[in-house]
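Dear colleague,

I am handing over a structure that you have not worked with before, and the notes below set out what was found in it. Please read them with the sequence and the model open beside you.

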Amino acid sequence: MVLNDMNDLVAYAREQKVSDIHMNVGAPTMFRIHGSLVPCDLALSDEHVTYLIYSMFDEEKKRLFEAGEDLDFALAAPDGSRARVNVLRSKGHIGAVLRLLNTSIPSLEELHLPEVLLDIANQPRGLILVTGPTGSGKSTTLAAMINHVNMTKPVHILTIEDPIEYVYPQGVAAIRQREVGVDVKDFNTALKSALREDPDVILVGEMRDYETISLAVTAAETGHLVMGTLHTTSAPMTIDRIIDACPPHAQAQVRTQVAATLKGVITQCLVPLKGGNGRVAATEILVGTDAAMNLVRTAKCHQLNSIMQMGKAQGMHTLNADLARLYKEGKIDQEKALEYCTDKAECTKMMNEYL
């Protein structure tokens, strides 16, 4: 097979149901399929790997990389599909990791996500957080929620991303997508400008530091719907992470703001299906009810698990409960449920209750 540029390799990888491509001079090229790395079945020499990686560069990217910088950008194929790219050096050799994004934005129904996510996405204002480890599908879930708003509400949506991952089709909303490093200097600059750009919905690609968190929470407090992501593995940990990212003198104020604005936390991980043919999202859902937000306000986030366990009527559940459900439905093995759960004893008890 002749690979003229990286788009050819990406197209081949998509045919093989690959989610990530790992390339490095001096090492075999690897594909991630259903969560596991396997050797690429194409014979790629070190020279060809170098050529393919450099085929993604324009002059500015080439200059930055050769000046010693790592690169993060999106690669758009001729058919409109996109990949998120990181180019790096390892032991002095060039390498790249590509995350292949869906060619179109799936709906929440197609992702088999809980219906309560539609209710959360339909909120007119407030803060919504989608969290999980790297590679857990956060970007896809957020894109599905944003696109639901895009297709159903005549509002102004402003996204701030690094890099832009999904390009939204024209819906009934007006939508602007800003890429950090291309359209705007950084998240903070974009958020400060956003409040003067009459947005109804703001997507913050990642809430990385105090200033970004503070600006996002303030935007939610002033009547906007703000969606963002964090790399946390539970709803209580998400709220604690936001508070802990703030300096001590600001923590009480941010805690009060979060308690007043939080509409929902969606935490997810992707669990291999029984039989190994794909993965399914297991979720933890916290809805911003009065009872839940009172615990946030009084710094009792450790008690939020009880709220989620009792909040089934509001669409809430813990990750352990959702893993037990997936096990009951025969979608995942018990071994995988225990691998991804947050409390093995609790998850085992929940699975045994179903038997």
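Before the details, one convention is needed: helices (H or I, at least four residues) and strands (E, at least two) are DSSP runs, numbered from the N terminus. Please also keep in mind throughout that this is a predicted model.

The C-alpha trace spans about 60 × 55 × 40 Å along the principal axes, and buried residues make up 48% of the 355 residues.

Next comes the second largest pocket, which holds about 500 Å³ of space. Its lining is made of 23 residues, and those that lie nearest its centre are Lys312, Met316, His317, Ala321 and Arg325. At least two residues of that lining are supplied by each of strand S13 (279-287), helix H11 (304-310), helix H12 (319-328) and helix H14 (344-354), and H14 gives the most, with five residues. Sorted by class, the lining has ten nonpolar, six polar and seven charged residues.

Helix H6, which runs over residues 187-194, is mostly covered, since six of its eight residues are buried. Those buried residues are Phe187, Asn188, Ala190, Leu191, Ser193 and Ala194, and they pack against strand S8 (156-161), strand S9 (174-179), strand S10 (201-204) and helix H7 (210-221). At the start of H6, a side-chain oxygen of Asp186 comes to within 3.3 Å of the backbone nitrogen of Asn188.

In the loop between H6 and S10 one finds Glu197, which is partly exposed, with a relative accessible area of 29%. Apart from neighbours within four places in sequence, Glu197 is in contact with His156, Leu158 and Arg178. The C-alpha atoms of Glu197 and Ser136, which are 61 residues apart along the chain, are separated by 32 Å.

Strand S11 (residues 225-230) deserves a paragraph of its own, and Thr229 is one of the residues that lie in it. Thr229 has a relative accessible area of 6% and is therefore buried, the cut-off for that word being under 20%. The side chain of Thr229 reaches the backbone oxygen of Gly205 at 2.5 Å. When neighbours within four places in sequence are left aside, the contacts of Thr229 are with Val130, Lys138, Leu142, Val204, Gly205, Glu206 and Met207.

Leu225 also lies in strand S11, and at 1% relative accessibility Leu225 counts as buried. With neighbours within four places in sequence again left aside, Leu225 is in contact with Ala121, Gln123, Pro124, Arg125, Gly126, Ile128, Asp200, Val201 and Ile202. Between Leu225 and Glu115, which are 110 residues apart in sequence, the C-alpha to C-alpha distance is 19 Å.

A cis peptide bond, with omega of about -5°, joins Asp162 and Pro163, and Pro163 lies in the loop between S8 and S9. Lys17, although it is not a glycine, has a positive phi of about 65°; its place is in the loop between helix H1 (6-15) and strand S1 (20-24), where Lys17 is exposed, with a relative accessible area of 62%. Ala299 has a positive phi of about 60° and is likewise not a glycine. The loop between helix H10 (290-297) and H11 is where Ala299 is found, and Ala299 is partly exposed, with a relative accessible area of 44%.

With kind regards

How values were computed: Residues are numbered from 1 along each chain as its sequence is written. This is a predicted model: local features need pLDDT of at least 70, side-chain atom pairs count only at pLDDT 80 or more; totals for chains, interfaces and linings use all residues. Side-chain values use heavy atoms; hydrogens and water are left out. On a 1 Å grid over the protein atoms alone, a cavity is a set of points where a 1.4 Å probe fits but cannot get out, and a pocket is an open set with protein on both sides within 12 Å along at least five of seven lines; lining residues have an atom within 4 Å of a point. Grid points are joined across faces, edges and corners, and a volume is the space filled by probe spheres set on the points. Ala, Val, Leu, Ile, Met, Phe, Trp, Tyr, Cys and Pro count as nonpolar, Asp, Glu, Lys and Arg as charged, and the others, Gly among them, as polar. Buried means under 20% relative accessible area, exposed over 50%, partly exposed in between (1.4 Å probe, protein chains only). Contact means heavy atoms within 4.5 Å. A polar contact is a pair of N or O atoms within 3.5 Å; within protein, one must be able to donate a hydrogen and the other to accept it, and residues adjacent in sequence count only if both atoms are side-chain atoms.
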